[in-house]
Amino acid sequence: MNNIIEFSFMYETFFDMLEFIPMTLFLAITSMLLACMIGLCGAIIRVRNIPILKELVTIYLLLGRAIPTMVLLYLVYFGVPIVLLIFTEKTGISTGFQYIPPLLFAVIGLTLHTGAYVTEIFRAAILSVDKWQMEAALSIGMTWRQGFKRIVIRQAAVFAIPLLANTFLNLIKSTSIVFTITVIELLGGAKIACAENYRYLETYLVVAIIYWLLCIVFEKIFRFVEHSLNFLRKGAAL
Amino acid sequence: MIEFKNIHKKFGSNEVLKGINCKIPTGSVTVILGPSGSGKTTLLRSVNFLEKADRGEIILDDLHIDVEKASKADIHNIRQRTAMVFQMYNLFKNKTALENITEGLTVVKEIQKKQAKEEALYFLEKVGLSHKAEAYPHQLSGGQQQRIGIARALALNPDVILFDEPTSALDPELVGEVLEVMKKVAQEVNSTLLVVTHEIGFAREVADNIIFMADGFIVEQGPPHELLNRPQENRTKQFLSRYISFIEYNI
């Protein structure tokens, strides 16, 4: 215990920590996919100016982007059971909220947080596509839905991918706060390891390295996707 | 036959169409002329509801649409029976030239992919661009893009093809190739062609009928030799004087 940093301990801890990566990735990927669904719906509602729903999306964006992730997580973790409890009391229908795993709350919290950002990304991406593209689709007899799916969204993707990558990397890091609602992921695992070994710096260094590696991998993946979509852009002024 | 009955359209307080009435016979080539701001493009776009007129009726053969009460099905129906060639070409940027044409065939007409491809190649050949089948729009010149725009419209075999100033965005030296294709289309295709253009020469040569619009009204209409050589209304004369001074003297 004389060295300031015990490398052999770091080495061991590294492998111990690997078992928590799947949980971190599960949280990040699940929340991202759900957030993309929310984002797509939200963006379409805003772009198409659908009354009432549009107001709801605006309120959601306001809250989703203004409330810190951790506060949002707590609100979901403590708030949802109470809402369900009241629901049970009023209607007599049992919701079994006591048995909902914290993991579900974590996913809901992260999804709500990320969804707000993704909504704006998709909205900007859709608006970046020439409105003439949709007119052309409609003029050859496509429905709005067909035109959106086959033409607009595919061109919007070119714009959206780098921004989605940004959000996703952020999300990977945001998953580190869910240990506060008892979900054990990478940082949660590290905290336990710290408590057992009293080797704080080494453990957190290892965690930092793992997050870094994860981010590199996903950055590469996104870059590849971006590159393969780039054929559309060749010759553009950008 | 396409018929407009009392079509009105306002953009804010600006009344662009002030009651348009006219009939366009099936299979004819009709050119709409007029100064900018006269409502000709708006009229054209109201046919396929890219611009929804405020009131009036649009009749395409058996399809009667009261604009105010137009249902989604009506709009979809008339869009399936018409096609449009745009001023800015509006090719799908994420599709190759060939895919731009097959897109409507496979998605809208639900034709098998293989057959759609054959048809698309046939129409690419017609506009003289078979060798560009795999090119993306950004790899093509304006004139080439517009010819593909025309092929895309033709392939759908629509009752009506709407041309919205198809040569206005082109370099002067590319205008010729597009007009050439359009002439060929006018001669070979049975669809009704409704063309908004400033190309008086094209109108003179190809049109069966010319409609002259100004300030939201149809001022005058008739066959090209009459309307262009002996315009009856002052507004028409005034508009044509700019062109006639160039063209007439050359004859």
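Trainee: In what order do the elements of chain A run from the N terminus on?

Mentor: This is a predicted model, in which local features need pLDDT of at least 70, side-chain atom pairs count only at pLDDT 80 or more, and totals for chains, interfaces and linings use all residues. Residues are numbered from 1 along each chain as its sequence is written, while chains are lettered from A and ligands numbered from 1 in the order in which they are written. Helices (H or I, at least four residues) and strands (E, at least two) are DSSP runs numbered from the N terminus. Chain A holds nine helices and zero strands, and its elements run α-α-α-α-α-α-α-α-α.

Trainee: What share of the residues in chain A is buried?

Mentor: A residue is buried if 20 or more other C-beta atoms, placed from the backbone, lie within 10 Å of its own. Of the 238 residues in chain A, the buried share is 35%.

Trainee: What is the strand order of the open sheet in chain B?

Mentor: Two strands pair if DSSP finds at least two bridges between them. The edge strands, each pairing on one side only, are S2 (14-24) and S5 (63-66) of chain B. The sheet has four strands with antiparallel pairing, in the order S2-S1-S4-S5 (chain B).

Trainee: How many bridges join strand S1 of chain B to S2(B)?

Mentor: Strand S1 of chain B covers residues 2-11 and runs antiparallel to S2(B). Across this pair, Lys10(B) stands opposite Glu15(B). The number of bridges joining S1(B) to S2(B) is eight.

Methods: A residue is buried if 20 or more other C-beta atoms lie within 10 Å of its own, exposed if 12 or fewer, and partly exposed in between; C-beta atoms are placed from the backbone.
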